[in-house]
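Take a moment with the sequence and the fold below. We will walk through strands, rings and charges in turn.

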Amino acid sequence: MKTSTVSIKKLKDICKIVSGATPKTVKPEYWDGDIPWVTPKDLSSLKSIYLSNPERAITKAGFDSCSTQMIPAKSVLLSSRAPIGHLAINEVEVCTNQGFKSLIPSKEIYPEYLYFCIKYFVPQLKNLGRGATFTEISKDIVENFEIPVVPLEQQKAIALRLSESYKLIELSEQRLSELDNYLRSLFIEMFGDPVSNSLGYPLEQLSKVCTKVTDGTHDTPERTDAGKMFITGKN
């Protein structure tokens with residue numbers, strides 16, 4: 001089997017790293033224009049790897065008033081604070097607020113490969129975050145972060161395979177959402193509106209129908225390889 005050539009390269013050697021900015025919100029003439037303007041919120045509920053329709057837009061005057069920059073389509077938008085690690089590939093030219101360190105790929109790097117590569121390394125990027133109020137990764141940190149780079153054709157093959165897997169995940173999540181909505185509607189059909197108790201069912205306090213109502217420890221117990229199973233809200 002042929003062995004692929006893998007190089008470890010800093011992002012600044014294969015991408016241009018671009019920061020963003022926000023026009024003054026008290027200036028109405030800076031807002032509701034025709035220049036798409038992205039914030040991490042646009043990425044927080046994104047169900048696809050692609051972003052085509054940001055929630056807000058700014059005017060040419062708003063763009064000129066701050067240090068935001070235009071980012072060409074097929075770049076990788078990386079949120080660098082609040083939180084670190086939201087990702088998207090923009091399908092249209094956009095600019096962003098200061099919560100991004102966006103990656104404009106060179107001809108050496110395939111955008112979808114870059115996206116999935118950065119997604120894999122998000123935990124490491126989060127660990128590099130600095131700040132007291134909220135953690136943030138600087139432009140210097142992003143520029144000097146290293147990723148593995150394979151030949152371009154292999155990048156495309158890897159990205160295609162991962163994209164297909166991602167679509168299956170999206171489809172599964174959609175089906176789970178539809179099932180959840182069905183279960184909710186079935187519950188209401190059987191028991192009525194649980195808030196208004198529209199069918200007049202008798203109500204009881206949980207303390208009368210449960211043997212115990214309690215919370216867990218407020219300390220962090222020592223982790224061991226054996227003993228009692230311990231779960232947290234993350235589980």
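Which residues of β9 are buried on one side, and which on the other? K101, L103 and P105 are buried on one side, and S102 and I104 on the other. Buried means under 20% relative accessible area, exposed means over 50%, and partly exposed lies in between (1.4 Å probe, protein chains only). Strands are DSSP runs of E with at least two residues, and helices are runs of H or I with at least four, numbered from the N terminus.

A word on the model. It is predicted: local features need pLDDT of at least 70, side-chain atom pairs count only at pLDDT 80 or more, and totals for chains, interfaces and linings use all residues. Residues are numbered from 1 along each chain as its sequence is written, and side-chain values use heavy atoms, with hydrogens and water left out.

Back to the strands. In a regular strand the side chains alternate between the two faces of the sheet. Strand β9 covers residues 101–105, and five of its five residues are buried. Its partner is β2 (residues 15–19), in the antiparallel sense, over five bridges. Two strands pair if DSSP finds at least two bridges between them. V18 has S102 in β9 as its bridge partner.

Now find the open sheet of three strands, in the order β5-β3-β8, with mixed pairing. Its edge strands are β5 (56–58) and β8 (95–96), and each pairs on one side only. Strand β3 (residues 31–38) runs parallel to β8 over two bridges.

Next come the rings. A pair of aromatic rings is described by the distance of the centres and the angle of the planes. Rings of Phe, Tyr and Trp (its six-membered ring) pair if their centres lie within 6.5 Å; planes under 30 degrees apart are stacked, over 60 edge-to-face, and the rest tilted. By this rule there are six aromatic pairs. Y120 and F121 have ring centres 5.1 Å apart and planes at 85 degrees, so they are edge-to-face. Y120 is exposed at 61% relative accessible area, whereas F121 is buried at 15%. With F145, Y120 and F121 form one aromatic cluster.

Helix α6 (residues 152–191) holds F191. F187 and F191 both lie in α6, four residues apart, about one turn of the helix. Both are partly exposed: F187 has a relative accessible area of 40%, and F191 has 35%.

Charges come last. Side chains of opposite charge can pair when their charged atoms come close. A salt bridge is a side-chain nitrogen of Lys or Arg within 4 Å of a carboxyl oxygen of Asp or Glu. The count comes to eight salt bridges. One of them joins K41 and E55 (3.9 Å, N to O). K41 lies in helix α2 (residues 40–44) and E55 in the loop between β4 (50–51) and β5, so the bridge ties together parts 14 residues apart in sequence. K41 and E55 are both exposed.

E112 and K74 also meet in a salt bridge, at 2.5 Å, N to O. E112 sits in helix α4 (residues 111–127) and K74 in the loop between α3 (60–65) and β6 (76–80), so this pair ties together parts 38 residues apart in sequence. E112 is buried, at 4%, while K74 is partly exposed, at 35%.
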